[in-house]
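Here is a short report on one structure. Look it over first, then read on.

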Amino acid sequence: MAGTESELSQQDLMRLYEQMLLIRRTEERLRDENKAGNLPGAVHLYIGEEAIATGVCANLRGTDMITSTHRGHGHYLAKGGDLNAMLAEIWAKSTGICKGMGGSMHVADFSKGILGANGIVGAGFAIATGAAYSAMLAQEGRIVVDFFGDGSSNQGTLMECLNIAALWHLPLVFVCENNTFSEFSPAKTVTAGVIADRARAFGIPTEVIDGNDVTAVWRAARTAVERARSGGGPSFIEAHTYRIQGHLEAEDLFLGGQRYRQPEEIESWRARGPIEFTRKQLEAGGPAAIAQLVEIEKRVMAKVDDAVRFAVESPPADPELAFTLMFDGQRP
Amino acid sequence: MAKKRYIQAINEALFEEMERDPKVILFGEDVELAIMGDCRGLTERFGRNRIRNTPICEQSLTGMAVGAAAAGHRVILHLMFSNFVYTGMDAIGNQMAKMRLMSGGQARLPITVIASYGGGGSNAAQHSDTAYPPLLNLGGINVLTPATPADAKGLLKSAIRGSNPSFFMEAGGRGGEQGEVPEGEHLVPFGKANIARPGKDVTIVAIGSMLKPALQAAKDLAASGVDAEVLDPRTLVPFDEAAVLASVKKTGHLVVCDEARERCSAASEIAAMVADRGFGLLKAPVKRVTVPNVCIPYAPNAEARVIPNAESIARTVRGLTGRAAAA
């Protein structure tokens with residue numbers, strides 16, 4: 001999917017579908033494992049938003065960098081992060097991608113340009129801006145994508161970083177995943193105006209797209225990534241989607257019976273989720289395509305099962321690392 | 001050795017390290033014009049890619065330092081005044097100090113943050129703080145407090161070459177002070193205290209800006225028969241506990257001087273450390289000489305009232321050792 005063609009072929013779309021499905025099945029498994037009490041920490045799931053990470057990262061190279069959010073499993077996987085190592089991390093095992101020291105909210109693989117999921121809402125703005133400044137100086141053709149949500153758009157650092165990115169023509173793509181909720185608050189109760197307008201005010205090229213249509217995401221990202229790579233400066237994509245799961249799993253414990261949205265709303269969005277949408281497109285390809293979809297489902301389920309087994313069977317994290325990993329070559 | 005000013009020693013360290021490694025970059029507010037003096041000439045030599053003025057947005061600058069370091073550069077962030085540690089604190093506390101552990105040791109963050117601290121210039125409360133105490137509590141941040149031109153140069157060079165986030169705390173208002181600086185390659189290791197004046201009756205631990213008044217106090221005390229040892233820890237993280245304990249073993253008395261406010265100051269931490277690990281060595285309670293728990297006021301006379309000086313240090317020592325002043 002190197003972005004050499006101007007449009008996606010049926011087989012390209014099939015590959016994007018498989019990537020989205022891997023994220024979906026992984027997240028569903030984590031939902032169930034969390035419910036069963038098998039995970040030590042909280043998980044924030046990406047179900048319903050898979051098209052955005054997938055469509056964007058399909059345009060990236062291994063050396064490109066991303067910053068992510070507390071809802072970061074999808075970004076990690078779409079950028080090429082190892083599934084086994086991610087699940088081992090979430091299970092707090094020594095084989096985890098961060099050796100069990102970071103957990104779900106901090107999955108990172110610096111060797112693949114994944115500068116980390118992040119527990120601080122909006123933290124990615126400045127990290128991505130700094131990374132993009134570094135990339136610009138290095139002149140090695142790397143670019144940076146900053147994934148963030150509508151909730152973090154109300155952090156002042158977004159405006160600070162839009163300013164710097166525009167001023168310095170940084171190779172940076174801002175991708176706002178507007179999933180309609182800022183933790184437990186509907187976006188319309190906490191966010192004024194159109195988020196993309198904030199970027200327009202700095203003269204940054206902006207697109208507002210349907211984030212549940214992976215083709216639309218891929219296309220918008222392709223333009224933005226090419227702009228960044230060719231020295232054209234930053235871009236801003238606001239992708240509309242819907243968070244099917246709660247802010248975090250088992251949120252009912254916090255809500256104590258209160259509701260901040262209606263079940264019918266969730267169901268209507270579920271029906272037009274990105275995977276459902278793409279599957280319908282692909283099924284139109286006839287019996288061969290349908291058979292391929294069945295194969296993909298099997299393959300993805302096997303991968304998830306294997307990864308969970310790997311995580312569960314791995315040895316626990318080494319507590320001594322809390323001391324040896326604080327500094328590089330120095331005790332705390 | 002040649003005599004050089006503190007600010008000049010810092011400038012030399014920046015020049016040498018930027019010459020040495022093209023991956024070293026420096027950014028901050030008004031660094032191109034070298035408003036604080038320490039960056040003088042850097043833009044002309046290294047250009048506006050490696051030396052870069054930023055907008056006024058410390059919250060983002062500290063996060064950008066993390067991002068640029070994670071992406072492969074050696075970052076020097078100039079924060080001007082140490083009060084701006086507070087405005088930039090989120091990414092310092094939540095990213096810079098934690099990313100290495102959170103990433104399982106993947107992140108390597110060669111970041112040096114320069115910030116000038118301390119009062120004495122009628123800069124009022126928001127530009128006079130000694131803001132390292134919150135940094136000491138973060139865990140993953142080195143804190144350097146050079147008191148002399150030689151240590152300023154040697155510690156800054158070590159910080160820039162190092163691979164961990166380090167705060168280089170410039171003693172504000174001390175920039176014009178002169179001292180001997182070794183020629184050629186001069187690196188000062190972290191966690192190695194320096195005995196600035198040997199003595200046998202009392203240990204005065206003097207942090208950064210407090211070294212000069214502490215040495216003056218020691219001189220005054222000598223005239224009245226008190227032989228004070230003045231120890232400069234040079235770095236607060238890592239901290240040379242062994243050197244302080246060895247000195248206290250010799251003197252049995254400890255006074256810690258710190259320009260931070262008393263509550264949760266570095267002085268408090270050092271006092272607690274000695275109470276914990278050196279209680280049997282002490283012949284008297286540990287005393288702290290710090291700014292009281294107030295903000296630094298504007299009026300010069302009010303400022304002088306709250307910032308420790310040679311007289312208040314000597315007075316504390318005399319109270320501790322029980323030897324009255326000759327006069």
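Which helices do the buried residues of H12(A) pack against? They pack against helix H1 (10–35), helix H2 (50–57) and helix H9 (214–229) of chain A.

## Basis

This is a predicted model, in which local features need pLDDT of at least 70 and side-chain atom pairs count only at pLDDT 80 or more, while totals for chains, interfaces and linings use all residues. Residues are numbered from 1 along each chain as its sequence is written, and chains are lettered from A and ligands numbered from 1 in the order in which they are written.

Helices are DSSP runs (H or I, at least four residues), numbered from the N terminus. A residue is buried if 20 or more other C-beta atoms lie within 10 Å of its own, and exposed if 12 or fewer do; C-beta atoms are placed from the backbone. Contact means C-beta atoms within 7 Å.

## Helix H12 of chain A

Helix H12(A) spans residues 274–283. Pro274(A), Ile275(A) and Thr278(A) are buried there. The face turned away carries the exposed residues Lys280(A) and Glu283(A).

## Lys153 of chain B

Lys153(B) sits in helix H8 (residues 149–161) of chain B. Lys153(B) counts as buried because it has 27 C-beta neighbours inside 10 Å. Beyond its neighbours within four places in sequence, its contacts include Ala9(B), Glu12(B) and Val181(B). Val181(B) is 28 residues away in sequence, yet 7.9 Å away C-alpha to C-alpha.

## Where the chains meet

The contact takes 40 residues from chain A and 34 residues from chain B. On the side of chain A, H5(A) gives the largest share, twelve residues.

Terms used: Helix = DSSP H or I, 4+ residues; strand = E, 2+ residues; numbered from the N terminus. Contact = placed C-beta atoms within 7 Å.
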